[in-house]
Amino acid sequence: MSSHLYEISEDSVASHDTELAPDSRLTKATGEILAVTEALTKDEDILRRTLSVHSIVSTSSFAERMQRAKFFKGPTLVVIGRGTCGTVFEIPGTESAYKKGRDKDSLWNDVNLTNTACRAVTETQTCLQEIFPNISIPRVPIVTGWISENDLPNWWRENLTRFPDDTEVGYLFQVQRILPLPKPSREALIHLYFPKKMHHSAYEDPGNKACLVRPYLGQRRGEWEFSRPALSLQNFSLYLDQMEELQLEAVQFSEEMAIGLAIIHWKAHLDGMDMEFVLGSATTNGELPTVVENFKTVNPFDISAGDFQKRQVHLWMLDFDKADQLNLKESWKSRCGKMVTAVTANDPYFPNPAAMGTLEHKLWDTFERAYLLAASNILLTQKGFSTQAIEYPALFLKAWKRRATELAKDTEGDFVEFG
């Protein structure tokens, strides 16, 4: 893959929608066909560019909104995501967010293991970037504070009015916000994949501004997916057949996911249960912020906002509330079993080693090579592993393929069913 960074202007791309006039030299019928063809090609081209991890996106409207928010004291927080663990609120004008939940143990697991995963990425990034010079190492949001139980009553008294009216108090932590994909991406996704009757309302829905995309390399759309089209751009599911239609960099996504999973397994020592991968953006600040080791004892702080007008698309890893630490004192068989369960019981982010098809095989071969290369280099720097540990990554992939094959047989040859 080329390491060239594409720069896309949100305003120029979006405003170009009005310029699809038919050529006056053509007949009216031919012109109408040409206009339709150009419109479809344009949506696909927009997504091919804006969903590339090599893209730098110029976004004046988003930047203006963030800049205005800085001048308001205590601006109202906006919901930008919901999950089983908690609700995520944007802190306007910053690159920060709050994640709030009622289950203290689940939220603590999420914040603690997110910090562990983030540290692992930071500590391996330089080494892995030298080995994989033409790709972008997946990111993990940086934790910038946990509101302690003793401080919660006062914190909520001071901040509850900033939240939407229906917000219930709970436990929460502050974390780096994954910035959304740009307006052209949102409009193209709606135009291509939302029911036509919903286009206008979807364009106007403020919730769709928090657009992140889940790349599902392990599954194509089936009858169930076609009968239930997307209704929201928050955590929009993009399946393999859609990536193929759009000519996206599925092979590069596969390589980056493999590197990310290798970091999670062999540096962070996590099983990765129910972790997510999303395509989102970040300001082009260059260096990653420093990981906060004692986030539990510091006052939560905002990450200094970079240039919101220039954002780069990244693959992110997040949501570790159901993940577990791998105990190096346990037997390899036990650890391997947990790792295999985690990858086969998750949403279908990873390539499916049991799936048929030329692209599927290519994605798995790419994933396998990248995972083994990244894992072997990470293990060279690790302590506490037995001398047999160098063989573990290959044994894990072998066990994964065996489990995937068993699952495929259970579904009579269909794609693996993920939870």
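This is a predicted model: local features need pLDDT of at least 70, side-chain atom pairs count only at pLDDT 80 or more; totals for chains, interfaces and linings use all residues.
I began with Tyr98, and its bridge partner in strand 7 turned out to be Gln174.

**The neighbours of strand 5**

I followed that pairing along: strand 5 and strand 7 run antiparallel and are joined by 6 bridges. Then I looked at strand 4, which pairs with strand 5 over 5 bridges, again in the antiparallel sense.

**How covered is strand 5?**

I asked myself how many residues of strand 5 are buried. I got 6 of its 6 residues, so I wrote it down as mostly covered, taking buried to be under 20% relative accessible area. Then I sorted them by face: Ser96, Tyr98 and Lys100 lie on one side, and Ala97, Lys99 and Gly101 on the other. Both faces are covered.

**Out to the edges**

Next I moved to strand 3, which is joined to strand 4 (residues 87–91) by 4 bridges, with the two running antiparallel. I noted that Val78 stands opposite Glu90 in strand 4.

Putting the strands together, I got an open sheet of 5 strands in the order 3-4-5-7-6, with antiparallel pairing. Which strands stand at the edges? I found strand 3 (78–82) and strand 6 (143–146) there. Each has a single partner strand, so one side of each has no neighbour in the sheet. I looked up the twist too, and it averages 25 degrees from one strand to the next.

**Helices on the sheet**

I turned to helix 4 (residues 104–131) and saw that it lies across strand 5 (96–101), strand 6 and strand 7 (171–176). Its angle to strand 6 is about 145 degrees. Helix 5 (residues 152–159) packs on the sheet as well, touching strand 5 and strand 7. I read about 70 degrees between the direction of helix 5 and that of strand 7.

**Cysteines**

Last, I went looking for disulfides, meaning a pair of cysteine sulfur atoms within 2.5 Å. My count came to 0 disulfides. I checked two cysteines for exposure: are Cys118 and Cys211 buried or exposed? Cys118 has a relative accessible area of 3%, so I put it down as buried. Cys211 is buried too, because its relative accessibility is 0%.

How values were computed: Residues are numbered from 1 along each chain as its sequence is written. Side-chain values use heavy atoms; hydrogens and water are left out. Buried means under 20% relative accessible area, exposed over 50%, partly exposed in between (1.4 Å probe, protein chains only). Two strands pair if DSSP finds at least two bridges between them. Axes are lines fitted to C-alpha atoms, for helices over the stretch in contact, and angles run from 0 to 180 degrees between N-to-C directions. Contact means heavy atoms within 4.5 Å.
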